[in-house]
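Subject: Structure handover

Hello,

Please find the structure below, followed by notes on what was found in it.

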Amino acid sequence: MSSTRKTKYHALSGGEAAAQAMRQINPDVVAMYPITPQTPIIESFAKMAANGKVTTSIINAESEHSAMSAVVGASAAGARAMTATSSQGLAYMAEVCYIASGMRLPIIMAVANRSLSAPLNIHGDQSDAMMLRDSGWIQIFSENAQEVYDNMLISLRLAEHPKVLTPAMVMQDGFITSHAVQNVLKLDDEIVKKFIGEWKPLYPLLDIDHPVTYGGLDLFDYYFEHKRQQIEGIGNALKVLRAIDSEYAKISGRKYSCIEEYRLKDASIAIVLMGSTAGTAKSVIDELRKKGIKAGLLKIRLFRPFPGEAIKKSLAKIKRVAILDKAAAPGASGALSNEIRALFAGAKKSPQFQSCIYGLGGRDVGLEDIGKIYADLQKGKISDKIKYIGLR
Amino acid sequence: MKLKSWREIPIGGVITEPGSAKKFKTGAWRTKKPVTDKTKCINCMRCVIFCPDAAISVKNLADLSEAEKVAIKVKTEAVLDCTNYDFCKGCGICAEECPVKAIEMAKE
C-alpha cells in the first residue's frame, strides 16, 4: 500500500453500522435470534462480543418472542438491553413489544424492514414496521447506513430520557440498506461514551432495597391512566428529540430533524416517503431542477411519535403532493397517506394529495418510477384512487 | 378509596409498595361462598393448603373459649378459623377438596 492518505470513512453495510453503534454503546444485555435481512446486525455484534470488544451478555434465544422477552426482563432489571429483528421476527415479538412499551422500558431494537409472509418474501418493504405502528414504540426511519449509525445513538438517548422512557425501533430498509456497503463516519468511542452517558434506571428490579413489581394486574381502575402516561411519554419524544439532535450535531456535524426537507422550500410538487427511496428521489429532484421543475422531497425520519405539526407546516404551500407508502394496508390507504391527509382535514388551504403504494416485497423503485410520479404531479394527474408504483 | 389521576401514579404499572395485593379485595368477584360446618370439620387443613388466595385462616386451639371448643370435633393443636370473604373468590376448591364434605358452596 503506497497510499498514506487517511480516510475517516469506514466501509460498512447498514447492518454493520448498527452493530458499530451497539459496540460503542456496549449494552449490558443483547438477546438475539437470527432472521434475514437483520442477521448482519447480530452477526457483526456477536463477532465483536467474541473478540472482547464489548462486555455485553449475549443471550442466544430460541425465538424472537423469547429474545424480546429476555430484553424486557433485562431492562426491567435495570440493564441497557437491545435486540434486532425483521419481518416475521417482529411479528412474533409483537405481543412482547406492547409489554416493553407498556412497562416503559427503553429498549433499543434495530429493525431491517422486510415484507411479511404470505407469499413468502425476504426483501425489503415496511409492512413489518407498520404492523407495530400503534405498539407504543418510537419508530425512527433511516435513509442510509450513516443514518442507521447516527439514529442508533440518538434513539438510545431519546428512549432513556426521563420524560420519554419509551422503547425505540431504528429502521433500515432490508437489503437496500442492511446489506449495501456505504461510507460511514463514526464518532470516537470516547465521544459516544460521553454522549450516551450512564443509564440510571427508574425502577430497577435488582435494587433490592426498593422492591418493585412489574407486570401487575391493572384493570378498569388504572389501565387507562397508565396508557395515558404512555401517550404522554412518547409524545414528549418530539420535543426531547429536537434537543438531542442539536447536541448530536455539535459532536458529529450532522444535523437531523424529525423530518428532512429536500429542495422543498420553493417546491410546487413534492413526494413524501420514509427510508432509502429518499436517496433515489433526491437524484430525480436534482435532474428536474436543472430543467426548471420545482420538485421537492419531504422525508419522514420520525414516524412515531408522528410529527404532524412539522409535516403540516412543511407541506402547507406545496401544490401537489404524492405520499408513498412502502406497506399496503389492504382495505384502506397506506398509514403515512392516511395520517398526512388527516392533518389537512378542514384546512382552508391544502395540497392536492396522491396516495401511492410502492416497493412491496422489495420491488425495485428506480429513477424512472420516481420521475413518473413527479411527471404526473406536474401534469396534475391526481386521483383519489391509490397508485401502485411499478405494478404490472 | 379515591382513585388517583394519571399524573399521580408510578409509570409503567410498576408497583412500588411490597405486599400491596392486600389492598386489592377480590371477594367482590364471588358468586357463591364457602360455608364451613365446624361440627363436621376434622381440621385436616387441606382447604388451607389448597386455597389459591390464602383466604382461610388457622387459630391455636388454646386461644379459643370453652364454648367454642365444644363445637370442634377433632381437637388438634391448630384448628380451622374462618374464611376471609374480602379475598375468597368463591372458586370452590376448598369444598371440592374437603374429605368430610364439611364445606358447602352457598348462594350469596
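**Sheets, helices and the chain contact**

Strand β6 (residues 138–141) of chain A runs parallel to strand β7 (residues 168–173) of chain A, and the two pair over 4 bridges. Strands pair here if DSSP finds at least two bridges between them. Helices (H or I, at least four residues) and strands (E, at least two) are DSSP runs, numbered from the N terminus. Within this pair, Ile138(A) has Ala168(A) in β7(A) as its bridge partner.

A note on conventions: this is a predicted model, in which local features need pLDDT of at least 70 and side-chain atom pairs count only at pLDDT 80 or more, while totals for chains, interfaces and linings use all residues. Residues are numbered from 1 along each chain as its sequence is written, and chains are lettered from A and ligands numbered from 1 in the order in which they are written.

The β6–β7 pair belongs to an open sheet of 7 strands with mixed pairing, in the order β3-β2-β4-β5-β7-β6-β12 (chain A). Its edge strands are β3 (57–60) and β12 (302–304) of chain A, each of which pairs on one side only. On average, neighbouring strands are turned by 20 degrees against each other, direction ignored. Axes are lines fitted to C-alpha atoms, for helices over the stretch in contact, and angles run from 0 to 180 degrees between N-to-C directions.

β4(A) and β5(A) also pair in the parallel sense, over 4 bridges, with Ala84(A) opposite Ala110(A) in β5(A). Of the 6 residues of β5(A), 6 are buried (20 or more other C-beta atoms within 10 Å of the residue's own; exposed is 12 or fewer, partly exposed is in between, and C-beta atoms are placed from the backbone). Ile108(A), Ala110(A) and Ala112(A) point one way from β5(A), and Met109(A), Val111(A) and Asn113(A) the other way.

Helix α3 (residues 64–77) of chain A lies across β2 (29–32), β3 and β4 (81–85) of chain A, at about 165 degrees to β4(A). Contact means that the C-beta atoms of two residues, placed from the backbone, lie within 7 Å.

The axes of α6(A) and helix α8 (residues 223–252) of chain A come within 10 Å and cross at roughly 130 degrees. That makes α6(A) oblique to α8(A), since angles under 35 degrees count as roughly parallel, over 145 as roughly antiparallel, 65 to 115 as roughly perpendicular and the rest as oblique. From α6(A), the contact takes Asp150(A), Ile154(A), Arg157(A) and Leu158(A). The residues of this contact divide into 7 nonpolar, 1 polar and 3 charged (nonpolar: Ala, Val, Leu, Ile, Met, Phe, Trp, Tyr, Cys and Pro; charged: Asp, Glu, Lys and Arg; polar: the others, Gly among them).

A further open sheet has 6 strands in the order β9-β11-β10-β13-β14-β15 (chain A), with mixed pairing. β9 (259–262) and β15 (387–389) of chain A stand at its edges with a single partner strand each, so one side of each has no neighbour in the sheet. The twist averages 25 degrees from one strand to the next. In this sheet, β10 (residues 269–273) and β13 (residues 320–325) of chain A pair in the parallel sense over 4 bridges, and Ile271(A) stands opposite Ala322(A) in β13(A).

As for the two chains, their contact takes 11 residues from chain B and 17 residues from chain A. The chain B side has 7 nonpolar, 4 polar and no charged residues.

Regards
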